[in-house]
Amino acid sequence: FTYSTNVSIGFVQVASATPQSSQTSVKVSYSQAQTLGDLNLVVVGWNDISAAVQSVTDSVGNSYTLAAGPLKGTALTQSIYYAKNILAGSNTVTVTFSKAAVFPDIRILEYKGLNTTAPLDVTAGASGTSGSNATVSSGSATTTSANELIFGAGMTNGSFGKAGTSFKAELITPDGDIAEDEVVSAKGSYSATASLGAYGSQRWIMQMVTLKQ
């Protein structure tokens, strides 16, 4: 007999670090032990365009791959990394930069029910400057499978106010940067959107990655 389980795509937990000074290395720990076979997403944002990510590692030995970026805006940079089929246990993620990065904002998220061999599908990203309460977008990309996680991450020199339509904000950091998601059940053209707060003219970056079940 062959038995198979089809775990629904779902959010598990999130953590972040937003040091208020330039840093060459930032550590972020999950509050709960992680589950074998899940997937980690690591969003790395910082407020300059000269530093670069040197490495993303963690305390249990997962391997991280660049999913999107680095995307540079005006004095802003953001990248998204992932580790598939993760190991179980308590875990601390460490992001190391090539030089001191200005006001880094690190967001780490665990998801269940995603493909353990080749989860990454398509990506999109955009940057710009917009006024108070404007909706900003990553731009669109067309998925290749039916059941996927649509993940959006945005950073700004102001603050995001809320997630885009159909998205759930899993985190808005003290620095005002966002991590959001939705789960879809059909192939199609998708984009990650979110609304800026009431802070006048704001510089922003918005990225999207989609991940297959």
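View 1. Of the 213 residues of the protein, 52% count as buried, where buried means under 20% relative accessible area with a 1.4 Å probe and protein chains only. This is a predicted model, in which local features need pLDDT of at least 70 and side-chain atom pairs count only at pLDDT 80 or more, while totals for chains, interfaces and linings use all residues. Residues are numbered from 1 along each chain as its sequence is written, and side-chain values use heavy atoms, with hydrogens and water left out.

**View 2. The strands of the protein.** The secondary structure comes to zero helices and 16 strands, the strands being DSSP runs of E with at least two residues and the helices runs of H or I with at least four, numbered from the N terminus. Along its principal axes, the C-alpha trace spans about 60 × 35 × 25 Å.

**View 3. The largest nonpolar core.** This core has 21 residues, of which Val-42, Val-44, Phe-97 and Ile-106 touch the most other members; such a core is a set of buried Ala, Val, Leu, Ile, Met, Phe, Trp, Tyr and Cys residues joined through side-chain atoms within 4.5 Å. Among the elements that give two or more residues to the core are strands E3 (39-46), E7 (92-101) and E8 (105-112), and E7 supplies the largest share, four residues.

**View 4. The surroundings of Val-42.** Leaving aside neighbours within four places in sequence, Val-42 is in contact with residues including Val-56, Tyr-64, Ile-80, Val-95 and Ile-106, where contact means heavy atoms within 4.5 Å.

Key: Buried means under 20% relative accessible area, exposed over 50%, partly exposed in between (1.4 Å probe, protein chains only).
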